[in-house]
Amino acid sequence: MHPTGVIEVNGVTKRYGTRVAVDDLSFTVSPGAVTGFLGPNGAGKSTTMRMIVGLDRPTAGEVLVNGRHYAEHAAPLREVGALLEAKAVHTGRSAYHHLLAMALTHGIPRRRVEEVIDLVGLQEVARKRVGGFSLGMGQRLGVAAALLGDPATLILDEPVNGLDPEGVRWIRTLLRSLAAEGRTVFVSSHLMSEMALTADHLIVIGKGRLIANASVAEVTAIGRSVRVRAQEAARLRDLLVGPDVTVDAVEPGVLQVNGLDSSAIGRVACEHSIALDELTPITASLEEAFMDLTKDAVEFREAS
Ligand SMILES: Nc1ncnc2c1ncn2[C@@H]1O[C@H](COP(=O)(O)OP(=O)(O)OP(=O)(O)O)[C@@H](O)[C@H]1O
């Protein structure tokens, strides 16, 4: 039976000298779902993932997997499988021998090596030297290594990097089936559109801080607004504005409303006898919703 596999990040800060890579970050990743870890470049995703698997030590706070620090697990590969940045693999070895060496040093049976090679689709090239592998084949090998110990928790840093469209579909299906088996699947990306197709839940960070911790549906709803056209736009605007509602006058007689749906706007207009000429829900693209969320947290901007 798999242990529960829950990941807890509790008030974690990581400083490199004076640079704060992760800033008082807290969240929990639950089993049975794919949790996407999103943020612009430099947001602190890789640093957080390295701390989960004990490759980096938090300056403050703690990271627990199954209630313990990674290093305290008797057989870490069997509890947590990780694909971190494209790792340097001994290039003269074949994929099979690379995985076999890992298996033998961790008490994992030889037949599991064959199993994971099949699972990631590397059968044809398993006996070839890893040095000749494409980036995509290297990623598949990294996923095979992460799965070797049949762990309850999987942590994958940008696994779609270097994969072709067929490879991207493959990893999406694989992650979903691993989650359906009850495992914890925590996967980072800087692409909202990819995560929206793969993940159930999203943790969004920027500049090392938590920006959102919500379902995919909730995050994508952030970008929704309604376009309203009315002769009495100014009067309607005053009636609609509220603590959670913003109204922008985008052109004379046209408002863009965030925080109310079209039926709520229609009711307010009706109650005050304001005739509407247009009432159009607008759904921003996922990338727009993401940009909107992280706009204040992008570390590097191109000089204008
Ligand atoms: N070993 C290190 N020494 C100094 N600074 C570091 C180190 N590792 C990361 N950083 C800095 O910490 C911040 C967070 O980096 P991190 O790699 O965790 O971000 P990321 O969200 O994974 O970004 P990317 O998608 O570009 O990999 C960056 O500003 C980075 O320059």
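Helices, of at least four residues, and strands, of at least two, are taken here as DSSP runs numbered from the N terminus. In these terms N66 is found in the loop between β4 (60-65) and α2 (76-79), and the chain as a whole, which is a predicted model, has 11 helices and 13 strands.

**Overall form**

The C-alpha atoms of the chain fill a box of roughly 75 × 45 × 40 Å along the principal axes, and of its 304 residues 36% count as buried. Among contacts between residues at least 6 apart in sequence, 70% join residues at least 24 apart.

**The sheet and the helices across it**

An open sheet of mixed pairing is formed by 6 strands in the order β5-β6-β7-β3-β8-β9. Its edge strands, each pairing on one side only, are β5 (80-83) and β9 (209-215), and the twist from one strand to the next averages 15°. At one end of this order, β8 (residues 201-206) runs antiparallel to β9 and is joined to it by 6 bridges; H201, for example, has S215 in β9 as its bridge partner.

Helix α1 (residues 45-52) lies across β3 (33-38), β6 (153-157), β7 (184-189) and β8, and its direction makes an angle of about 150° with β6. Helix α5 (residues 135-147), in turn, lies across β5 and β6, running at about 165° to β5.

Strands β1 (residues 7-16) and β2 pair in the antiparallel sense over 7 bridges, and E8 has T28 in β2 as its bridge partner. The two strands form a hairpin with 2 residues between them, and in the turn G17 has a positive phi of about 60°. A positive phi is also found at D24, a residue other than glycine, which belongs to strand β2, and at N66, likewise not a glycine. The table sets these two residues side by side.

| Residue | Phi | Location | Other C-beta atoms within 10 Å |
|---|---|---|---|
| N66 | about 55° | loop between β4 and α2 | 19 |

In soluble globular proteins, nonpolar side chains tend to be buried together. Here the largest nonpolar core has 64 residues, and those with the most contacts inside it are L99, A144 and L148. Helix α5 gives the most to this core, with 7 residues. Once its neighbours within four places in sequence are left aside, L148 is in contact with L77, G81, L99, M102, A103, I108, R112 and V116. Apart from this core lies another, of 12 residues, which includes L240, L255, L260 and A269.

**The ligand shell**

The ligand is surrounded by Y16, R19, A21, G39, N41, G42, A43, G44, K45, S46, T47 and H190. The elements that give two or more residues to this shell are β2 (19-29) and α1, and the largest share, 3 residues, comes from α1. By residue class the shell divides into 3 nonpolar, 7 polar and 2 charged residues.

Note on methods. Residues are numbered from 1 along each chain as its sequence is written. This is a predicted model: local features need pLDDT of at least 70, side-chain atom pairs count only at pLDDT 80 or more; totals for chains, interfaces and linings use all residues. Two strands pair if DSSP finds at least two bridges between them. Axes are lines fitted to C-alpha atoms, for helices over the stretch in contact, and angles run from 0 to 180 degrees between N-to-C directions. Two residues are in contact if their C-beta atoms, placed from the backbone, lie within 7 Å. A nonpolar core is a set of buried Ala, Val, Leu, Ile, Met, Phe, Trp, Tyr and Cys residues joined through C-beta atoms within 7 Å. A residue is buried if 20 or more other C-beta atoms lie within 10 Å of its own, exposed if 12 or fewer, and partly exposed in between; C-beta atoms are placed from the backbone. A residue is near a molecule or strand if its C-beta atom, placed from the backbone, lies within 6 Å of it. Ala, Val, Leu, Ile, Met, Phe, Trp, Tyr, Cys and Pro count as nonpolar, Asp, Glu, Lys and Arg as charged, and the others, Gly among them, as polar.
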